[in-house]
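Let's walk through this model together, one part at a time. Have the structure open and follow along.

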Amino acid sequence: MSANFRKIDIDQYDEDTLLETELYDLDPRDPATVLADSKQKQSAVRSALAKGDIGSALVTVLDGAPYGPNVEEAKALTLQTLLLILNSTKSTDVPALLRALPAEAHDTLMKYLYKGMAMPGTGEVSGSVLLSWHEKLTEVAGTGCIVRVMTDRRTV
Amino acid sequence: MAAPEVFTIAQVPLTAHAFNADRSKLITSLNTNEAQIYGRQGNEWKPEVTLSEHDKLITSIDWAPNSNRIVTASQDRNAYVWSQTTGADGNSVWKPTLVLLRINRAATYVRWSPKEDKFAVASGARAIAVCSFDADNDWWVSRLLKKPIRSTVLSVDWHPNNVLLAAGTADMKARVFSAYIKDVDSRPSPSVWGEKLPFNTICGEYASPAGGWVHSVAFSPSGDVLAFASHDSTISIVYPGGPAVITVRNSTLPYVSLTWTSEDALVAAGHDCQPVLFSGSAEGWKAIGSLDDAKSGAPLTPVSTGSSSGGRFASAGVGRLGTNEAFARFRNADTLGKSSATPGSPVSGGDSSGDTELMTVHQNTITSVRPYEISANGNVAKVSTSGVDGKLVIWNVSVPAGTGGLSSRLGGMHLR
């Protein structure tokens with residue numbers, strides 16, 4: 001017996017189906033603006049890093065991070081920018097940096113750590129750096145932070 | 001502070017629990033299609049009556065204190081109202097009355113209204129059935145709240161005015177509806193939630209902060225404030241006059257149940273296995289501490305041999321993991337390169353108790369937290385919790401004294 005029937009998208013026959021877009025509020029900015037913002041942030045982060053101001057670089061990149069559909073380029077750019085910060089921070093400085101961040105930024109940072117772990121070996125991604133940040137972040141923000149990454153549909 | 005009263009009712013999960021008015025009887029369901037009434041004898045709960053009418057798992061139970069009626073909701077899509085009558089042999093029996101719910105999915109949650117003339121049944125059919133008694137036909141009829149619910153309703157709570165109803169759903173929203181029924185209710189006076197309130201008026205809709213199912217909703221005693229707990233490990237407190245929503249991001253696993261204890265405090269409990277007291281006002285909210293204190297609970301729970309020497313809450317930095325003996329063992333093995341297994345007792349086998357026991361009183365998720373005792377000033381003095389571990393616990397609503405210890409207990413918590 002054919003098992004093809006299992007692959008039928010039954011939701012298309014349900015007028016009242018719950019759509020992905022109903023599960024979260026979309027980013028009000030249009031994709032082009034988001035991309036421009038991300039580029040601007042990358043240069044802001046570079047100059048902050050040059051001054052050694054990692055704290056403000058983190059705040060800059062994590063504030064208003066792109067999410068939702070149609071902004072793949074901006075998402076990739078933001079991940080790249082963030083990895084730049086993660087890779088250039090001394091591990092002894094990490095706990096103090098994390099404690100200075102607001103709670104929303106913890107959640108966003110955790111999203112990027114998991115995004116980075118999902119794509120090992122590509123570009124600047126270094127597993128050991130991500131894991132050490134993950135450990136420090138979990139110590140500061142707890143398992144609740146990880147739960148929020150799993151539940152949040154606004155993926156970065 | 002007195003220690004919490006701990007009762008091991010069963011070795012299986014307690015899906016829901018409710019007490020009668022004078023707290024001499026308890027009804028709970030042991031994860032089956034039957035509800036069991038217990039009577040209190042000294043320090044024990046003795047099984048008395050089994051209520052069996054449902055075909056499938058009972059999901060929720062409520063006991064109306066004044067009219068002494070029980071309502072049960074089940075996955076079989078039905079609800080029954082049970083009233084106590086005198087049977088043919090002179091003994092009292094609990095007589096079920098079927099409720100015409102008109103839902104095509106499981107009933108998930110049920111609560112009597114404050115005046116006990118209505119009750120609300122939440123369901124997986126994207127609807128809430130608001131039920132009232134039809135004396136002509138001698139049955140309970142329902143009206144459905146449907147719009148704009150997009151998914152399973154997980155919890156409901158009644159406003160003290162007997163008209164407004166809050167609901168938490170799996171579409172990540174908490175909502176406030178009007179459940180005004182013309183023949184039952186008198187016109188409610190205007191409140192912060194609105195003035196004209198025909199049936200199915202939506203008085204408020206609030207999304208969970210990070211996309212978690214809303215597990216539990218509760219109105220404050222005055223009804224002017226709404227709190228909800230969601231699966232993204234947050235609790236949110238809504239001041240509709242504001243309109244301000246205050247969010248507390250917790251460092252622990254999510255809470256699934258919460259109840260107000262006064263106008264400025266509430267207790268939340270859930271996957272973290274311990275009830276936590278929160279306090280605040282329109283200016284802000286924060287966690288005060290766990291009701292589950294290491295000292296008072298010491299005789300009841302295994303003594304820590306691991307790394308956490310402070311109170312249980314001190315190690316809450318990594319949530320429930322920090323309170324787990326097994327976790328501590330592996331962490332020691334990892335960071336210190338040593339195994340805590342003593343010679344002669346192999347890691348596996350051997351002492352089966354202790355190793356995997358949590359340092360909290362509840363050994364698994366708390367399914368429900370409810371007010372138990374009201375003090376003279378109207379605040380809730382004690383709350384009861386039931387858990388997946390089969391335990392029923394009655395807690396004093398006070399975080400152990402010693403303000404010096406407070407900050408250390410909160411040390412690991414992340415607050416805002």
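Which residue is the bridge partner of Thr72(B) in S8(B)? The partner is Tyr80(B). Before going on, a word on the ground rules: this is a predicted model, where local features need pLDDT of at least 70, side-chain atom pairs count only at pLDDT 80 or more, and totals for chains, interfaces and linings use all residues. Residues are numbered from 1 along each chain as its sequence is written, chains are lettered from A and ligands numbered from 1 in the order in which they are written, and side-chain values use heavy atoms, with hydrogens and water left out.

That bridge belongs to strands S7 (residues 70-74) and S8 (residues 79-86) of chain B, which pair in the antiparallel sense over four bridges. Strands (E, at least two residues) and helices (H or I, at least four) are DSSP runs numbered from the N terminus, and two strands pair if DSSP finds at least two bridges between them. Step back and you will find S7 and S8 in an open sheet of eight strands of chain B, ordered S6-S7-S8-S9-S13-S12-S11-S10, with mixed pairing. At the edges stand S6 (58-63) and S10 (107-112) of chain B, each with a single partner strand, so one side of each has no neighbour in the sheet. From one strand to the next, the twist averages 30°.

Now look for the open spaces. A pocket is an open set of points on a 1 Å grid over the protein atoms alone, where a 1.4 Å probe fits, with protein on both sides within 12 Å along at least five of seven lines; lining residues have an atom within 4 Å of a point. The largest pocket holds about 1100 Å³, a volume being the space filled by probe spheres set on the points. It is lined by 40 residues, and those closest to its centre are Arg111(B), Asp157(B), Thr259(B), Arg370(B) and Pro371(B). Among the elements that give two or more residues to this lining are S6 and S10 of chain B.

The second largest pocket has a volume of about 600 Å³. Of its 26 lining residues, Thr15(B), Thr59(B), Thr108(B), Tyr109(B) and Thr367(B) lie nearest its centre. Here too, S6 and S10 of chain B are among the elements giving two or more residues to the lining.

Finally, turn to chain A, where the axes of helices H1 (residues 31-50) and H2 (residues 54-62) come within 8 Å and cross at roughly 170°. That makes H1(A) roughly antiparallel to H2(A), a label for angles over 145 degrees.

Methods: Axes are lines fitted to C-alpha atoms, for helices over the stretch in contact, and angles run from 0 to 180 degrees between N-to-C directions. Angles under 35 degrees count as roughly parallel, over 145 as roughly antiparallel, 65 to 115 as roughly perpendicular and the rest as oblique.
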